[in-house]
Amino acid sequence: MKRRSFLKSTVLASAAGVVVGAGVLSPNVALAEKHGNNPFKAKSLDEVLKMLGATGAEASDKIKIKAPEIAENGAVVPVGITSEIPGTTEIISITAANPTPLSARYTFGEGAVPAIKSRFKMGKTTDVVALVKAGDKYYTAKANVKVTKGGCGG
Amino acid sequence: MAKSTIKLRTKEKGGKIQVKALITHPMETGLRKDKKTGKKIPEHYITEVVVTANGKPVLTANWSGSVSKNPFLSFSYAGTKDDKVKLTWKDNTGKSDSIEKKVGEK
């Protein structure tokens, strides 16, 4: 009995913690002052997501990331991102472990196929996070790339 | 004319135009140090790439220093063989370059 009530209370406490945490995260006034609200200057994945207003991005299997599992040379890692979500207007590529994670933001014009290929630098083993904007919503997917030789100042 | 910093290749395939571009640029992040002097190399990277077809924008790319040196870009759009594809880049020091080619032109 004791154990059960203990569990209950911890669950409740952590749920409350999440609520409070969410409340702290939503206004990004402090962040805006620090970096002039330029997501390209953001220093972490969370900051980037907040600045783009994409914290609630939905995970989607309609986004395909083509990246090597192991990259020998982190200075040049070929990455391809394809979105099969109808109405895709933007593809954003984020290299989570880089000092400035937001790598590239592609905005598509009329008739463009929402698929890009580019090469990125990766300082160390990292997640590549793809954000796709379709309509007013963000969708996300990620892939892990193991880097055996760093690309930043290596 | 000085050699362009951009290599642009376009190809028509099934109503889609595939665009491949290779830009010659150092893409310094501003975090790397010069091995001899120990001083940081100032950041120097492309911030914006705009691709237009017949004057209409088909792709706008905003980049950070995380994009690799001599960046490569590939994508496709629905178009025809007669399109004129133009690519323009701008970097954080205010430099820019552009190139315009007909689809298929080498």
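1. In this predicted model, B:Lys106 counts as exposed because its relative accessibility is 71%, and exposed means over 50%. B:Lys106 is placed in the segment after strand β7 (96–102) of chain B.

2. B:Lys106 also belongs to a positive surface patch that draws on both chains. From chain A come A:Lys66 and A:Lys117; the chain B members include B:Lys3, B:Lys20 and B:Arg9. Which element gives the most to the positive patch? It is strand β1 of chain B, residues 6–13, with four residues.

3. Strand β6(B) pairs with strand β3 of chain B (residues 46–53) in the antiparallel sense, over seven bridges. It is also joined to β7(B) by seven bridges, and these two strands run antiparallel as well.

4. B:Lys86 is the bridge partner of B:Thr52, and in β7(B) the residue standing opposite B:Lys86 is B:Glu100.

5. How many residues lie between β6(B) and β7(B) in their hairpin? There are four, and B:Gly94 in the turn has a positive phi of about 95°.

Note on methods:
Residues are numbered from 1 along each chain as its sequence is written. Chains are lettered from A and ligands numbered from 1 in the order in which they are written. This is a predicted model: local features need pLDDT of at least 70, side-chain atom pairs count only at pLDDT 80 or more; totals for chains, interfaces and linings use all residues. Side-chain values use heavy atoms; hydrogens and water are left out. Patches are made of residues with over 30% relative accessible area and no salt bridge: like charges are joined within 9 Å, nonpolar side chains (Val, Leu, Ile, Met, Phe, Trp, Tyr) within 5 Å. Accessible areas come from the Shrake-Rupley method with a 1.4 Å probe; for residues, only the protein chains shown count as cover. A salt bridge is a side-chain nitrogen of Lys or Arg within 4 Å of a carboxyl oxygen of Asp or Glu. Lys and Arg count as positive and Asp and Glu as negative; His and the chain ends are not counted. The place of a charge is taken as NZ of Lys, CZ of Arg, CG of Asp or CD of Glu. Buried means under 20% relative accessible area, exposed over 50%, partly exposed in between (1.4 Å probe, protein chains only). Two strands pair if DSSP finds at least two bridges between them.
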